[in-house]
Amino acid sequence: RHVYPNTYMQVFHLLASALKAIQFDVLIAKEKFVSVCNVSGPANVGKTLACAIALRLVDSQDLMLSRCTLSSMLDYAHVFKNMLIVWDDPRNTSPGQLSSVVHEAFNGVASSTITKGRRQYNSTLIIGTQECLLGMETNNVNMATFSRLSHIDFNVAEATSSFDYSHEKY
């Protein structure tokens, strides 16, 4: 709350999304889906820091995949079970591929996006982007993809606060 006072509610939303990772297989078995979280906002608003905190919460700090390829992310999602994976700033990925990733991860099914063998989504996925809704165009074609996202927007206006936190002890 003190470091990023304008986005602490978004951080709570992200942490709640991260807790789904612990029970990923149970959620898939009972509910048949687990929403994919998309964290978006401009540079230096705390997206990556919030994701790092979420990874630390579920003891998977090494699963922050920054600027990696779709194939690498899919390898991690296949190998690690009931973990949280943060795919920060996806590179060289088309909107069609991102849409496929969201649909496959949402349903926990094997990937048809990459043809390097059969790889299953076994972990909760958070995708961090600077553009809202994965940077995809808002149209009727993408509405199904957007319905599978839990979107957290860190693009909040800088509000000036008259409250002084200096007297509080940390």
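**Reading loops, burial and a pocket**

Guide: Asp 59 is placed in the loop between H3 and strand S2 (64-66). The model is predicted.

Visitor: What is phi of Asp 59 near?

Guide: Phi of Asp 59 is near 55 degrees, a positive value in a residue that is not glycine.

Visitor: Is Asp 59 buried or exposed?

Guide: The general idea is a cut-off: exposed means over 50% relative accessible area. Asp 59 has 58%, so it is exposed.

Visitor: Which loop holds Asn 44, and what is its phi?

Guide: Asn 44 belongs to the loop between strand S1 (36-40) and H3. Its phi is positive, about 65 degrees, although Asn 44 is not a glycine. With a relative accessibility of 77%, Asn 44 counts as exposed.

Visitor: How do I read a residue in a strand, such as Thr 129?

Guide: Start with its element, then go to accessibility and contacts. Thr 129 is part of strand S4, which covers residues 124-129. Buried means under 20% relative accessible area; Thr 129 has 6%, so it is buried.

Visitor: Which side chain makes a polar contact with the side chain of Thr 129?

Guide: That of Asn 38, at 3.2 Å. Leaving out residues up to four places away in sequence, Thr 129 also touches Val 39, Ser 40, Gly 41, Lys 47, Pro 90 and Leu 134.

Visitor: What is the volume of the largest pocket, and which residues lie nearest its centre?

Guide: The volume is about 450 Å³. Of the 24 residues in the lining, Asp 88, Asp 89, Gly 128, Thr 129 and Gln 130 lie nearest the centre.

Visitor: Which element gives the most to the lining of the largest pocket?

Guide: H3 does, with 3 residues. Helix H3 (47-57), helix H5 (95-107) and S4 each contribute at least two residues to that lining.

Visitor: How many disulfides does the structure hold?

Guide: The structure has 0 disulfides.

Methods: Residues are numbered from 1 along each chain as its sequence is written. This is a predicted model: local features need pLDDT of at least 70, side-chain atom pairs count only at pLDDT 80 or more; totals for chains, interfaces and linings use all residues. Side-chain values use heavy atoms; hydrogens and water are left out. Helices (H or I, at least four residues) and strands (E, at least two) are DSSP runs, numbered from the N terminus. Buried means under 20% relative accessible area, exposed over 50%, partly exposed in between (1.4 Å probe, protein chains only). A polar contact is a pair of N or O atoms within 3.5 Å; within protein, one must be able to donate a hydrogen and the other to accept it, and residues adjacent in sequence count only if both atoms are side-chain atoms. Contact means heavy atoms within 4.5 Å. On a 1 Å grid over the protein atoms alone, a cavity is a set of points where a 1.4 Å probe fits but cannot get out, and a pocket is an open set with protein on both sides within 12 Å along at least five of seven lines; lining residues have an atom within 4 Å of a point. Grid points are joined across faces, edges and corners, and a volume is the space filled by probe spheres set on the points. A disulfide is a pair of cysteine sulfur atoms within 2.5 Å.
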